[in-house]
2 protein chains.
Amino acid sequence: MKKILAVDAGGTKLIYSLINEKGEFLTEVKRVATPKNIKDLTDVFKKIISDYEQEADCIAFATAGAVNLENTKVESSTPNMPEGYNSLDFSKLSTKPVYVENDANAAAWAEYKLGAAIGDDNTVIITLGTGVGGGFIVNGKLLRGKSGRGGEVGSMKIKSQKRICTCKRFDCFESYASGTGLKITAEEVAQTDIIFKSSIYKEKNPKDITTYDIIDGISKNDDYSKKVFDIWKHDLVTGLINIVNIFDNQSIVISGGMGKFIDTGEIENMINSEIVVSPVKVKLAKAGNYSGMIGAALLAYDKYLS
Amino acid sequence: MKKILAVDAGGTKLIYSLINEKGEFLTEVKRVATPKNIKDLTDVFKKIISDYEQEADCIAFATAGAVNLENTKVESSTPNMPEGYNSLDFSKLSTKPVYVENDANAAAWAEYKLGAAIGDDNTVIITLGTGVGGGFIVNGKLLRGKSGRGGEVGSMKIKSQKRICTCKRFDCFESYASGTGLKITAEEVAQTDIIFKSSIYKEKNPKDITTYDIIDGISKNDDYSKKVFDIWKHDLVTGLINIVNIFDNQSIVISGGMGKFIDTGEIENMINSEIVVSPVKVKLAKAGNYSGMIGAALLAYDKYLS
């Protein structure tokens, strides 16, 4: 059995554990707050590694940001991480081999190897949270692109409604199909559709209606809430259809906070009634909250230990 | 040196020649009209093969339609080919190995192996003709998907303008960025924009304005024609940006009849100013009219002879 020290490096905390080549946890999962400057962060990385360096056969990082093709550095800007993060050479942190992968890619790999998409050599993991992220497996390999930045499906333009996205462009998939997108749709419908006048939320300022209000409203049979969620679902399905027509993937795996609100069977039927390729399965992610660490560990194993 | 009999099976004609593993033509390229029923077509395939069967090490077909993962059969409906085409088992046509690939995929492979995208392990070939087609190379392999139908980028929804597409859906990339799309845009602008009143085409019925009129109008400094073409270019770029953000590809190779009207440098700049991944190159295809045959031959060589 091999032992991989896996670290999930996020903007708020660093989470880590020893994992074996089957993705099983060998030690308790530990966590520490992410330091706010690059020197302290580097020191904490070194400290974590030194605690396990004897035992671990290699080190795996799952991190925010686009990772270079050598899996040694983060190359994009990463606003949640300390300044200078993209100048850190991870390979210098240890005498053992160090492997770095983008966290969404790593999580996608975990879903493919031991989660919801086992055996699906062409699959797409879509994260629906505050934003929309994607991890793509093509012919059994991660789609990383020329510079490790591939999979930016949140930036796919799907409409021409002039809704501004957090990226400053218009009409990105992310600006409709994310949790934030649902909230914006709720506000738009409240401001433009007479249906709002008979809603349980009619006294609320449209700007203050939340994602949870909408989900709660559906359970209370509120027509306004149902309409908002229907629009959100159709926008989500529009983006997913675009993806499936290009990738002809076996499955779409949905992860992220919005996942729990969707009926995968319904979404699957909506997609399959419109695509020009053969039918796709829609599933919820099941590799768990630590899928980034697990995926990074399995990728590091494949590269250095197998 | 190996010899591959390569056949391009189109709705109008069958084109064929012996090709070697370098993609070089060893015999004159011959052509014959495509028979209108499946029995006659099968007989003509057999006749072509029997003429070269002694000499050829294997047989390669590039064909319209989605090809199964075993590369032995066309699985989708192919309106331009005789009824029953998708029940034909190509592997039974010869005692030599037979390989079938979708013509767009085969042409993409030719661009990757010896055309405009040599060395670009992540590249996309976009055909802009009557419709819009795509062939995708990811990690140095063809993206074929679970059933060989991948790459249907023409069906990607990019707007919400309710323009109907030939596929009966709305707002497909193909309905904007194809030659047909340019003609529809020309008609729309003529009907809705006052700029048409001072156009050299103002006496024409908007329905009769052709793609060539627009191209010709630009050379005559006609503002209406320039506006139509600008809209078309922006729609093209919208679709290409979506693609590059997902694939982070080195290059986009443009083929098809509309390719000659675009300034690749201008399109490249428009894309690179908006993408969230690193810059892409835009190039014109250069594997030539026989790229489908060449790509199929090289793929057949890789599978059976290398």
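Q: Of the 306 residues of chain A, what percentage count as buried?
A: A residue is buried if 20 or more other C-beta atoms lie within 10 Å of its own, exposed if 12 or fewer, and partly exposed in between, with C-beta atoms placed from the backbone. In chain A, 51% of the 306 residues count as buried. Do keep in mind that this is a predicted model, where local features need pLDDT of at least 70, side-chain atom pairs count only at pLDDT 80 or more, and totals for chains, interfaces and linings use all residues. Residues are numbered from 1 along each chain as its sequence is written, while chains are lettered from A and ligands numbered from 1 in the order in which they are written.

Q: Which residues of helix α2 of chain B are buried?
A: Helices are DSSP runs of H or I with at least four residues, and strands are runs of E with at least two, numbered from the N terminus. For α2(B), the buried set is B:D103, B:A104, B:N105, B:A106, B:A107, B:A108, B:W109, B:A110, B:E111, B:Y112 and B:K113. Since 11 of its 12 residues are buried, α2(B) is largely enclosed by the rest of the structure.

Q: At roughly what angle do the axes of α2(B) and α8(B) cross?
A: Axes are lines fitted to C-alpha atoms, for helices over the stretch in contact, and angles run from 0 to 180 degrees between N-to-C directions. Angles under 35 degrees count as roughly parallel, over 145 as roughly antiparallel, 65 to 115 as roughly perpendicular and the rest as oblique. Here the axes of α2 (residues 103–114) and α8 (residues 291–305) of chain B cross at roughly 80° and come within 7 Å. The two helices are therefore roughly perpendicular to each other.

Q: How many residues of chain A are in contact with chain B?
A: Two residues are in contact if their C-beta atoms, placed from the backbone, lie within 7 Å. By that rule, 35 residues of chain A meet 35 residues of chain B. Helix α6 (residues 223–247) of chain A gives the most to the side of chain A that touches chain B, with six residues.

Q: Where is B:P82 found?
A: B:P82 lies in the loop between β4 (58–63) and β5 (98–102) of chain B. Because B:P82 has 17 C-beta neighbours inside 10 Å, it counts as partly exposed. Not counting residues up to four places away in sequence, B:P82 touches B:P35, B:K36, B:N37, B:I38 and B:L41. From C-alpha to C-alpha, B:P82 and B:D40 are 9.5 Å apart in space, and they are 42 residues apart in sequence.
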